[in-house]
Amino acid sequence: MQGYNEEDFLLLSGIQHFNFCRRQWALIHIEQQWEENVRTLEGAYVHRVADQPLLREKRGDKLIVRSLPVHSKQLGITGICDVVEFVLDPEGISLAGEEGLYLPYPVEYKRGKPKKDDSDRSQLIAQMLCLEEMLVCELSLGYLFYDEIKHRVEVTVSPSDKERVRTTLLEMHHYFQRNHTPKVKVGPHCQSCSLNLVCLPELMKRRTVSSFIESRLGE
Amino acid sequence: MKKLLNTLFVTIPDAYLSLDGENIVVKSEEETLARYPLHNLEAVCTFGYAGVSPALMGACATRNIALTFMTRNGRFLARVIGEDRGNVVLRKEQYRISDDERRSALVARNMILGKIFNSKWILERATRDYPLRVDVDRIKRVTASLSDAMKLVRNVEDLEVLRGLEGTSAVQYNSVFDDLILQQKEHFSFNGRSKRPPLDHVNALLSFAYTLLATDVKAALEAVGLDAYVGFLHRDRPGRASLALDMMEELRGVYADRMVLSLINKKIINHKGFYMKENGAVLMDDETRKQVLKAWQERKQEKIIHPFLHEKISWGLVPYAQALLLARYIRGDLDEYPPFLWK
């Protein structure tokens, strides 16, 4: 199978950053900058429930697996699914060591409540693409669990959704190969960004350093 | 801008620091003296010699808390760094600039510009605040020549020329620095800089203040992912944090010199807090060192408007802001490195 080498894999979770702000993604994944803020700490807290790799449960027709590492060679991404529910389904696929046929449904844990933008969805879709490739099956349904409402939201995924995520991932690889940190597009989202002070979004609107120096010297 | 958190200075000689959950615990002879939550701390600076537990070192490194060891006399000993922060792309570009004398000069000249600008305004301020106490004409002659030097520095593209201009400006500034000491003249006078060892009270204070500033600047450079040991004006020398020294140029005056002057002029410290060794080396006693640390901490909490960012930040965050701006320049977001031009 053609595709990316493992060392060129990007982190799947990055797609959420990338959709939120390309510069934020580049600061985290290219420049390796990270600052905690209330939101990132909440995020880590929410994941403590899901992040229990040794917990494997069977409930009725369901096999629940936590912290499942996944990847896609085709898309060059790797990551961890918080929870994957394998549900008995005559249309499903066989799993080594299990009887019956199953279909996998990823469940991604998120802080807060459902968001207007597409970033959580796209991360879930990327997980589904990985599961499809690794398990040789086709998926069209996953879940986002939001900590604030303590509820999961069903996410149906169309072929065009998947195509959009593939295009985004191509773009991420393109930036990554060039090691390029794009300039910021300042917006309301900057207020909630944990990297606000590393990024210095206001800097992009400001006059040049040359004119700053000249005017100070002239005072 | 990020928040300035506290620095914990541990001056008890036999203090041992360890980790308990999310807290740092200070012990002396098995007795717990204090405990502080780590999330309130930005730096820990210990003058003791009993040590720090590996667990606490790790906790500081992962939380980006600068942990520094000093000798009893306030000289830098060592510091704990965790995994490198930042990325190789930024650092490699820093190395490329450092390897290229002309590109180095373009960054270094702005740092020196900052140094001369700040020196000039320290002097100008004295002529405005104390016209009856200082020799205004003498100082004005110096500030005029500093202004001329700045015009030249602005166009320099050669490191040697830049070093020359920096040197003569420093001589000019030092020649009137003593004029700024307005109190306790009989015990505190400045007759040129002596470092190894400091030979008078003023030099002992300056050396200590510069050491404190150096640890802050080094930590700030590393926090943004730069290599504090690869400089532009200061060339590579094993064990020397050249980039930190570069960046200190623009901060020494406004940050350290002014604090030393106010300690003397406000009589917060006096000559009894110093002692002289047989060879003329002047050292501070523990109480004086504590006073300096206290003043240093208070000063770091004071708020200013950053001249370039126009953001209200504490003095203590200035090294971090400058390090961040330098990283942004190296990554190509800014047309020049904006030095800290304070007045």
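## Salt bridges

A salt bridge is counted when a side-chain nitrogen of Lys or Arg lies within 4 Å of a carboxyl oxygen of Asp or Glu. By this rule the side chains of Glu98(A) and Lys58(A) form a salt bridge, at 2.7 Å from N to O. Glu98(A) is in the loop between strand S4 (77-94) and strand S5 (101-110) of chain A and Lys58(A) is in strand S2 (residues 56-59) of chain A, so the pair ties together parts that are 40 residues apart in sequence. Over all chains, the structure holds 32 salt bridges. Helices (H or I, at least four residues) and strands (E, at least two) are DSSP runs, numbered from the N terminus.

## Basis of the model

This is a predicted model, in which local features need pLDDT of at least 70 and side-chain atom pairs count only at pLDDT 80 or more, while totals for chains, interfaces and linings use all residues. Residues are numbered from 1 along each chain as its sequence is written, chains are lettered from A and ligands numbered from 1 in the order in which they are written, and side-chain values use heavy atoms, with hydrogens and water left out.

## Interface of chains A and B

With contact defined as heavy atoms within 4.5 Å, 28 residues of chain A are in contact with 35 residues of chain B. The area buried between the two chains is about 2,700 Å², and carbon and sulfur atoms give 55% of it; buried area here is the accessible area (1.4 Å probe) that two parts lose on being put together, summed over both. On the side of chain A, Val209(A), Phe212(A) and Arg216(A) lose the most area to chain B, together 21% of what that side buries.

Two salt bridges are found across the interface of chain A and chain B. Asp333(B) and Arg23(A) meet through their side chains in a salt bridge of 2.7 Å, N to O. The interface of chain A and chain B also has eight residue pairs in polar contact, both residues being at pLDDT 80 or more. A polar contact is a pair of N or O atoms within 3.5 Å; within protein, one must be able to donate a hydrogen and the other to accept it, and residues adjacent in sequence count only if both atoms are side-chain atoms.

Helix H2 (22-29), helix H6 (196-199) and helix H7 (209-218) of chain A each supply at least two residues of the side that touches chain B. H7(A) gives the largest share of that side, seven residues. The side of chain A that touches chain B comprises 13 nonpolar, six polar and nine charged residues. In this division Ala, Val, Leu, Ile, Met, Phe, Trp, Tyr, Cys and Pro count as nonpolar, Asp, Glu, Lys and Arg as charged, and the others, Gly among them, as polar.

## A hairpin in chain A

Two strands pair if DSSP finds at least two bridges between them. Strand S6 (residues 141-146) and strand S7 (residues 151-156) of chain A pair in the antiparallel sense over six bridges, and Phe145(A) stands opposite Arg152(A) in S7(A). S6(A) and S7(A) form a hairpin with four residues between them, and Lys150(A) in the turn has a positive phi of about 50°.

## Sheet S4-S3-S2-S6 of chain B

Four strands of chain B form an open sheet in the order S4-S3-S2-S6, with mixed pairing. Strand S4 (31-37) and strand S6 (51-52) of chain B stand at the edges, each with a single partner strand, so one side of each is left without a neighbour in the sheet. Five bridges join S2(B) to S3(B) in antiparallel fashion, with Leu19(B) opposite Ile24(B) in S3(B). The hairpin of S2(B) and S3(B) has two residues between the strands, and Gly21(B) takes a positive phi near 65°.

Strand S2 (residues 16-20) of chain B runs parallel to S6(B), to which two bridges join it. In S6(B), Gly51(B) is the bridge partner of Tyr16(B), and Val52(B) is that of Leu17(B).

## Sheet S1-S5-S7-S8 of chain B

A further open sheet of four strands in chain B has the order S1-S5-S7-S8 and mixed pairing. The twist averages 20° from one strand to the next; axes are lines fitted to C-alpha atoms, for helices over the stretch in contact, and angles run from 0 to 180 degrees between N-to-C directions.
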